[in-house]
Amino acid sequence: MGDPSTAPIALGMTPSAPCMAPDGRRVYVSSSQGGTVLVVDTHTHSVIDSLACQSPRQMTVTPDGGRVHVATGSGVSVIDTGTKAVTGTVPIGERPADIVLDPVRKRVYASTSVGGFISVIGMDSDTEISRIPTNGHPAALAVSPDGSRLYACDCVVSAVMVIAADSGQPVGRPIPVDGDPISLLVTPDGRRIVAAGTQSQTVTVIDALTRTVDAVIPVGLFPFDLGVSPDGQRLYVSLQGEDAIRVLDAGTLQVRRRLPLAAPPFGLALTPDGLRGYATAYDMDFLLPFDTRVVSAPVPKRPEAVAAHPDGRRMYVTAPGDDKVAVVGPRERQIDAGPGPNAVRLTPDGRHAYVTNTGAGTVTVLDTRTDDVLETIQVGVDALALAMPEDGRHVYVLGSGKVSAIDTATREITGTTPVPVDPQDIAVSRDGSRLYVSVHGPSVAVFTTEPLAMTGEPVTLDSFPGALAVSPDGRELYIADSDVVVSVFDTLTHAVTATIDIGRFPAGLALSPDGGSLYVACPFEHVVVIDTETRTVAGEPIPVHGGPGAAAVSPAGDSLYVLAGETSTVCVVDTGTRTVTERVCVGLAPGSGSAFFPGPGAVALAPDGRRAYVANQEAGTVSVVDTLATGVPVGSRPVGVAVSPEGGRVYVAESGAGTVSVIDTGGDKVTGAAVPVGGQPHALGLSPDGARLYVTDTAGGRVVVLDTASLSVVGSPVSVDGTPLGLAVAPDGRRVYVADSSSATVSVIDTATLEVSGPRAAVGVSPLGLALAPGGGLLYVADTGADEVLVVDTDLLEVKGRIPLPGAPHGVAVSQDGKVLAATLPALGGLAIAKTATGEVVGAPIPTGKAPHGVTLPPDGRHAVVTNTGSDTVSLVDL
């Protein structure tokens, strides 16, 4: 399930153009194909009426909302919104290219690019007053706010014509613009004219007074329509080629951000307050709502964690992809803080920031006034997380083997103590006397801080613990368990005193300032509220769509900020009414995906509670709420992908080039030259030790084997005949399974002899991608011919189960614990996530990029790597 406020609105027919009613309560959507104007309620997001009209296209609504003027096949028709009927048609001899209303002079203008004139129609009389000859081919139209100037795009010579509205005479010569201008608008102050050039993929900004070009701004693939905020500060550009809307700063003429959509947008319409917008989906039968309230700041690649300075004006963001910490605020620059920074905490006075460097096992200390590195402290293990008590006297560093205490005054390590294997999270009591570490054991380890030592053996739990939260008085520790419970741990007796069944998997935990309410974010569309006094669930869960994960409560306790990873939004919840008051997109990048399972970078609040800051992993942005995996260019038509066991390399099969490329995950860049393998390489599989890479060749009906050390071909290719599209290597490395789509079979290759062993097994209708369960006993087969994933017993090579999907799957992958299955859906441009135990599909498909094909889940379990064949990119998707 997705967020209903941004979920596509089914129209039942292909839309042409949207038009907003003056009060913002209705969107009129024309459908030339259906001969209908649909009326959409912007509150319920549903179609409430259908008005018959012959071949409707562009529309405009009178200021009182009483009539809709519609460009039709041979003129302009008028619909009375009260009677819901066409009251008449103004014939102008041919289909208008565009239509625009001038409320000042009470005129409707209709352009005719073939006839070369603009028809002038009385808004009240609904009769043609005159015609303005242009000596050109007028298409898109716009009117100045005072009605004195009419602007028209000449679609043949790529120019904007300026016309005096009263005389109908041209004002100067047409203004040349780039790339077949298809849309036009004038800013609310009348100072600028903006034209979208589809072929040049730019927006041209013209000074209306001097009639000269101010700027030509590259915006993305195939810009089509334009919109402007009521204050004129933001311009919106629909991009058919990127399934997105680009937002421009009208003052600086810079691209500010990108709003991802579920499908290619066509026409745009904004609400009068500018807070929401609607886009018609190109060649699809739905309307796409979107929220315009987004603020993003560029930061280095793969931002992970964020902490706010006490003054609320700056944020410190770790970026493992660039081994830097970004300072976002009035001063924006990057600080070299050591390899692999992944967590950051600020001292209570805000003067110093402590940054963990996982790759080096160090903690870097920054002076936040100068942004200089003061010191680098060696802690000797992977630095995984940080905890700091309220007094800020110490910072505690959780590593894979120990906890270290650093004195923030001297910046020296004052103590270390071992921790059990596989620690998950660390929390500290507010007075700083106790530390708690959740361990995948499953257990919780308790430590004193003076001296730093574990108090007895870890306390065994019934299920695997994750996130932790300590009550304000330090008496209770709340633990998110892998079962559908939150455990209450008594910090005096070191015993679990209660388990609160919440009926859902708990992810993020956030306590109210008074400790009376515990908010539990659950990936399955809800936030559960627990009354900590009664230890019971208080009321009904709060619906928060989009896979809620991390959460944070404002200092006043009146707002809860929930990161919904599936839709890449921050949901702002009023804790009094327990309703979502705002949903803000936090920035998917082109070719990116959203997260279903919460990642370590979550939501951080400024001390005054007025802003929430969100780290968008892989998207290269930080979003600010007043509150994507980055595409890596590779060779032609990337389809298959595999990650080396140590995670240092990503291998990509490039079907269009007949090659395999290698991406260094440290820098997310292609390293070295592409390796020729011939034919059309498609699916990839690595041996368990990573020494061999198996590559299917769909053109040659064979499997090519590469030595990954030398990147050379091993022996002769293995002939499997047919069209081998899917491949999976057994966990023991002894067998390779190959799916042949043409014969609907699966072959088994003996890796010792590099020969096919035994007969081929009949599987499904059109098998494509393959993935093995961790033990190798089950083989998951993407059956694109039946819109499902088949579950095959590898001993018997027989189908024993089916997982239905919302579309035809191509690639498929399974998590290391075998609980999560991911399948690419090329037609939907997304990634489906399912639970293998029940076969239930979780949420809506995660948008990735154009035509996603291959997918793999790296060993860390935190990401999916997806190839997007339609955009020649590789996307890293948070899980």
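Arg535 is partly exposed, with a relative accessible area of 27%. In this predicted model, Arg535 forms a salt bridge with Glu476, and their closest N and O atoms lie 2.4 Å apart. The protein chain has an average pLDDT of 82, and 82% of the residues score at least 70.

**Salt bridges**

- Salt bridges with shared partners join Arg67, Lys106, Asp124 and Asp126 into one network.
- The count of salt bridges comes to 14.
- Arg105 forms a salt bridge with Asp166, with 2.8 Å between the closest N and O atoms.
- These two residues are 61 residues apart in the chain, with Arg105 in the loop between β10 (98-102) and β11 (107-112) and Asp166 in the loop between β16 (159-164) and β17 (175-176).
- Arg105 counts as partly exposed at 26% relative accessibility, whereas Asp166 is exposed at 57%.
- Asp41 forms a salt bridge with Arg26, and the closest N and O atoms are 3.5 Å apart.
- This pair connects strand β4 (residues 36-41), which holds Asp41, with strand β3 (residues 26-31), which holds Arg26; the two residues are 15 residues apart.
- Asp41 counts as buried at 13% relative accessibility, while Arg26 counts as partly exposed at 23%.

**An open sheet**

- Four strands, in the order β18-β19-β20-β21, form an open sheet with antiparallel pairing.
- Strands β18 (181-186) and β21 (212-218) stand at the edges; each has a single partner strand, so one side of each is left without a neighbour in the sheet.
- From one strand to the next, the twist averages 20 degrees.
- Strand β20 (residues 202-207) pairs with β21 in the antiparallel sense over six bridges.
- Ile206 stands opposite Val213 in β21.

**Confidence along the chain**

- Where pLDDT is low, the predicted coordinates should not be read in detail.

Conventions. Residues are numbered from 1 along each chain as its sequence is written. This is a predicted model: local features need pLDDT of at least 70, side-chain atom pairs count only at pLDDT 80 or more; totals for chains, interfaces and linings use all residues. Side-chain values use heavy atoms; hydrogens and water are left out. pLDDT is the predictor's confidence in each residue, from 0 to 100. Two strands pair if DSSP finds at least two bridges between them. Axes are lines fitted to C-alpha atoms, for helices over the stretch in contact, and angles run from 0 to 180 degrees between N-to-C directions. A salt bridge is a side-chain nitrogen of Lys or Arg within 4 Å of a carboxyl oxygen of Asp or Glu. Buried means under 20% relative accessible area, exposed over 50%, partly exposed in between (1.4 Å probe, protein chains only).
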